[in-house]
Structure formats: C-alpha cells, structure tokens
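Please look at the sequence and the structure before reading on.

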Amino acid sequence: MSKSPFEDPSNPFQDPSIASALNSSNKIEEPEDIELQDEFTSFHHISDSRDPFASNVQENSSKMQQDDLKQREEALRQKERELADRERELENKQRQTSGGANNFPPCFPIMYLDITTEIPPEHQQTVWWIYREWLLFEITLVLNFIACLCVLFSHPASVQYGPANMGIALTEMFTHTLASFFLWYRPVYNAYMKENSLYYYFYFVFNGFHILYTFYMAIGIPSTGGAGLILLITLFTDKYIGSAVMTLLADICWFVMGFLALFLYKKTYDHYKAEGHTFKEAKNEAYSQMGKSTMVRDAAVNAALRR
C-alpha cells in the first residue's frame, strides 16, 4: 500500500494509539451533543381552548362596570352636595332663630313662631290669613265679653240671663283663647310647615268645631255667653242703644270670622287633597308618634306585666 504524500511521519496524531483514543472520545461526546441539540431545537405544542372573542366581551363588560361605578359615584356626589346644601339652609335658619328662640306671645314668649322663615313661600299668605283669623277670634271674644258686661248693667226686664251670659263670656275669653291656639292654629301651622297629614286632621276636626261654635255664638242663644243676633234684636226693640251697639259689633265679628274661617278651611282642604294626603297616612303618623311617646310605651309595658 502506497503512502500518501501528505502524511507526515513526524506528526504525532498519525500514531495509531492516539487516533484510536480520539475516536473513542468522539463517540462518547456525540450523545450529549444530540441531547443538547434536542433541548434547544425541540418545541412543545400548547393547546389553547380560549375563545378569541372572549377577551373583547370581558373588556366590554369591564367598561360597562366602570361606567356604572362612575354613574353611582356621581349620584353619591350629587346627594352629598344636596345634603350639604340642606345642612347649610338649616344652619342659616338656626342662626336666624338663635337670637330669639321664643318670640310668641310677645308679652310672655314661650315658643318660636315665624311664618316668613318656617313656612314655604307659596303657603305663607294662607298661614298669615289663618293667623289673622285667630287674632280676630281673640278680638271677638273680648268684644263679646264687653257686650255681655254692658248688658249686665243695662238691659230690659225681659233679659234675665245677663249674669249667666257675662260669666260664661269671661270664662270663654280665657279658655277658648288657649284651646283655639293649641287645637287648630298650631296644628295647621305645623301642617303647612312639615306637610304632615296628622296635623291637617287636627285642624280639620277642631277648626270644624270652631266654625260651628262661631255661628252658634252669632245667633246669640240666651244663657250661652253669646252677644248674638237674638240679644241684639231684643236690645234694639227695647231701645237700649248703648248695649245694642256693643252687641252689634260683637255679632258682626262673629259672622265675619265664621265666613272667613269657612273660606280658609276650604282652601286648606283643597291644598290637602292636592298634596295627596290620606286618612291612612294620618293614622300611620299617629301610630308612629304614639310609639315614640315614653308614656305610651310605659303604659303598654305595665299592661303587659299585669297580664
């Protein structure tokens, strides 16, 4: 066998023992190289079962939720602003009333009444006229007492009930003043101020009795304390002019106040119906007020313990 011209006899790698050693090392390293190549060149198939349109739906729903939250936040801010405005209004009213909390009656203030600050502007005129009605009632009671007093000292022989009329008129002048204020004027004042059905019903009931009483006194039935029409005719017939004039003034006041009370009663009733108040609402408010009363609760507890 001829030798290659490129073979170098002095080359140590041409030694058969060294060549065999190199071949064996190459055989050992080949699997590692393959494994490394597999690690870097192989890929895995990842299955994705997600809907490609689901992300859009989620984005839309998240946007809707964000819009809803923004609307709620804006509504809450609006309510906070309204509450803040309401608190400022109440504070202003308190500042206005703090200077003179009690201003009625002027001679001996025991409560606060101010139509211009407590009654809504659209109802102030009506409440002012009801207040004038109450004042006219007080004036009428005073004139009625003065007329009965004049009749007591100057009356014809046919009038035998002068002392009884004067005593009843004096009693009514004090008792009816307080009763009219607390039974129908104060309730209708609170009704227009708070739009409360229960207060309206108090007014309708007791002011209704007040109207009947007014016309009853205007007639002037003997021994009832009324300087009315019957006594007026008797005095003019028997020429007792002084007593007759005072009785005439009282009788005019009775009739004027009666018709004024009817007009304001009708106006208040129309407002009551226009606002949608009902008897059921008034009854529920009455139950609510009774539940808040400590006296009622104590009475209920005592009744339950007795059983």
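Which helices each supply at least two residues of the lining of the second largest pocket? They are helix H3 (115–118) and H4. The model is a predicted one, and the sections below take up its parts in turn.

## Overall make-up

The chain has ten helices and zero strands. Read from the N terminus, its elements run α-α-α-α-α-α-α-α-α-α. There are 307 residues in the chain, and 28% of them count as buried.

Contacts can also be sorted by how far apart the partners are in sequence. Taking contacts between residues at least 6 apart in sequence, 68% join residues at least 24 apart.

## Regions named in the record

An unreviewed UniProt entry lists residues 134–154, 166–186, 198–221 and 241–265 under "transmembrane region". In the model, the span 166–186 is 100% helix and 0% strand, and its end C-alpha atoms lie 28 Å apart. The span 198–221 is 92% helix and 0% strand, with 34 Å between its end C-alpha atoms.

The largest pocket has a volume of about 240 Å³. It is lined by 13 residues, and Phe104, Pro105, Trp134, Thr177 and Leu178 are the closest to its centre. H4 and H5 each supply at least two residues of this lining, and H5 gives the most, with four residues. Twelve of the lining residues are nonpolar, one is polar and none is charged.

The peptide bond from Phe104 to Pro105 is cis, with omega near -10°. Pro105 itself sits in the loop between helix H2 (54–98) and H3.

## The nonpolar cores

What is the number of residues in the largest nonpolar core, and which have the most contacts inside it? The core has 25 residues, and those with the most contacts are Phe137, Leu141, Tyr213, Ala227, Leu231 and Trp254. Two or more residues of this core come from each of helix H4 (124–153), helix H5 (162–194), helix H6 (197–219), helix H7 (229–237) and helix H8 (241–274). The largest share, eight residues, comes from H4.

Apart from this core lies another one, of 22 residues, which include Ile115, Phe181, Trp184 and Tyr200.

Trp254 shows what a member of the largest core touches. Leaving out residues up to four places away in sequence, Trp254 touches Phe137, Thr140, Leu141, Asn144, Tyr213, Thr214, Met217, Ala218 and Ala227. Among these partners, Phe137, Leu141, Tyr213 and Ala227 are also listed with the most contacts inside the core.

## Residues in the loops

Is Glu122 buried or exposed? Glu122 counts as exposed because its relative accessibility is 58%, and the cut-off for exposed is over 50%. This residue is found in the loop between H3 and H4. Glu122 and Tyr192 are 70 residues apart in sequence, yet their C-alpha atoms are 10.0 Å apart in space.

The loop between H6 and H7 holds Ile221 and Ser223. Ile221 is partly exposed, with a relative accessible area of 32%. Leaving aside neighbours within four places in sequence, Ile221 is in contact with Tyr216 and Ile230. Ile221 and Asn165 are 56 residues apart in sequence and 9.8 Å apart in space, C-alpha to C-alpha. Ser223 counts as partly exposed at 39% relative accessibility, and its phi is near 65°, a positive value in a residue other than glycine.

Glu195 also has a positive phi, near 50°. Glu195 is found in the loop between H5 and H6 and is partly exposed, with a relative accessible area of 23%.

Definitions and conventions: Residues are numbered from 1 along each chain as its sequence is written. This is a predicted model: local features need pLDDT of at least 70, side-chain atom pairs count only at pLDDT 80 or more; totals for chains, interfaces and linings use all residues. Side-chain values use heavy atoms; hydrogens and water are left out. A nonpolar core is a set of buried Ala, Val, Leu, Ile, Met, Phe, Trp, Tyr and Cys residues joined through side-chain atoms within 4.5 Å. Buried means under 20% relative accessible area, exposed over 50%, partly exposed in between (1.4 Å probe, protein chains only). Contact means heavy atoms within 4.5 Å. On a 1 Å grid over the protein atoms alone, a cavity is a set of points where a 1.4 Å probe fits but cannot get out, and a pocket is an open set with protein on both sides within 12 Å along at least five of seven lines; lining residues have an atom within 4 Å of a point. Grid points are joined across faces, edges and corners, and a volume is the space filled by probe spheres set on the points. Ala, Val, Leu, Ile, Met, Phe, Trp, Tyr, Cys and Pro count as nonpolar, Asp, Glu, Lys and Arg as charged, and the others, Gly among them, as polar. UniProt positions are given in the numbering used here, feature names are shortened, and annotations may be inferred rather than shown by experiment.
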